[in-house]
Amino acid sequence: MATLVCFHAHPDDEAIATGGLMAKAAARGHRVILVTATRGEVGEPQEGVLAEGEQLWERRVVELAEAAEILGAEPPRLLGYEDSGMMGEPTNDNPACFWQADVEEAAERLVEILNEVQATVLTVYDDHGGYGHPDHLQVHRVGLRAAELAGTEYVYESTINRDAVKQMIAATADDPTADGPSLEEVESFGTEQKDISFIVDVTEHVDVKRASMIVHRSQIGPDSFFLQMPDELFAGAFGQESFNLPGVKDTGGPSSVDILPGL
Ligand SMILES: [Zn+2]
């Protein structure tokens, strides 16, 4: 059996980006480890979720642990950095934030985990962090460096299928309650389908994936665009997860796979 390590930036990224892969790998008896660089300190809390005096990160680590359990992963491990916030925000200058972290030093922290669990497969993010969030860019850099140092055999970059997102926006264009991104906003999202290496079918695990998203109550409200989607549309949007091989472009179109090679 293999050991899959999914490296993410913030609590809730794991559910949205690799929840299906994690659930599928776990269901097949692989060991699944979730590592998060930050505790998501500067996310926007949903109204009324936090108790008086409760810090957002306190709630988010609990949500993360719940999501990991639902997905069949071990209790999450944290690299110990703070959330950098969106690009250009003053929080980018916080010396404790992940964006300010030294890549070598951060990679060493991840290497320790990769070695301890004897990771065979690692997922990071694509080379622009999906949508340019500083912490997501760092996951790419730190993750690839750690894999190199640890000699991890299989490394994949989790990405977003830009063409699929565009289709989804077009499908909900007539719905005035849909508050998802606009077509212009997604022009730089993820990866064009023709450049994606693998698309993993996770439709069988889409209910588990949805359940893992729901527990992130401080971030994803019950009336959010994602959770309001009818089952069929949700399965269409989240039933497939895309991954690139590092440095590989123009793949001639993705290979549709049951699970990633190495698992
Ligand atoms: Zn994130």
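This is a predicted model: local features need pLDDT of at least 70, side-chain atom pairs count only at pLDDT 80 or more; totals for chains, interfaces and linings use all residues.
## Starting in the sheet

Residues are numbered from 1 along each chain as its sequence is written, and side-chain values use heavy atoms, with hydrogens and water left out.

Strand S1 (residues 3-8) and S2 (residues 31-38) run parallel and are joined by 6 bridges. Strands here are DSSP runs of E with at least two residues, helices are runs of H or I with at least four, and both are numbered from the N terminus. S1 is well tucked away, with 6 of its 6 residues buried (under 20% relative accessible area with a 1.4 Å probe, protein chains only; exposed is over 50%, and partly exposed lies in between). Thr 3, Val 5 and Phe 7 are buried on one side of S1, and Leu 4, Cys 6 and His 8 on the other.

## The whole sheet

Zooming out, there's an open sheet of 8 strands in the order S3-S2-S1-S4-S5-S7-S6-S8, and the pairing is mixed. Strands S3 (77-81) and S8 (255-257) are at the edges with a single partner strand each, so one side of each has no neighbour in the sheet. On average, neighbouring strands are turned by 25° against each other, direction ignored. Two strands count as paired if DSSP finds at least two bridges between them.

For an antiparallel pair, look at S6 (residues 198-201) and S7 (residues 240-244), which share 4 bridges. In that pair, Val 200 has Glu 241 of S7 as its bridge partner.

## Two helices side by side

Helices H1 and H2 pack at an angle of about 35°, with axes 8 Å apart. Glu 14, Gly 19, Met 22, Ala 23 and Ala 26 of H1 meet Leu 64, Ala 67 and Leu 71 of H2. By class, this contact has 6 nonpolar, 1 polar and 1 charged residues. The axes are lines fitted to C-alpha atoms over the stretch in contact, and angles run from 0 to 180 degrees between N-to-C directions.

## Two buried residues

Arg 60 is in helix H2 (residues 56-71). Arg 60 counts as buried because its relative accessible area is 3%.

Setting aside neighbours within four places in sequence, Val 139 is in contact with residues including Phe 7, His 8, Phe 98 and Tyr 125. Its C-alpha atom is 9.5 Å from that of Ala 107, which is 32 residues away along the chain.

## The largest pocket

The largest pocket has a volume of about 1700 Å³. Of its 50 lining residues, Ile 16, Tyr 131, Ile 160, Phe 189 and Phe 226 are the closest to its centre. H6 gives the most to the lining, with 5 residues.

How values were computed. On a 1 Å grid over the protein atoms alone, a cavity is a set of points where a 1.4 Å probe fits but cannot get out, and a pocket is an open set with protein on both sides within 12 Å along at least five of seven lines; lining residues have an atom within 4 Å of a point. Grid points are joined across faces, edges and corners, and a volume is the space filled by probe spheres set on the points. Contact means heavy atoms within 4.5 Å. Ala, Val, Leu, Ile, Met, Phe, Trp, Tyr, Cys and Pro count as nonpolar, Asp, Glu, Lys and Arg as charged, and the others, Gly among them, as polar.
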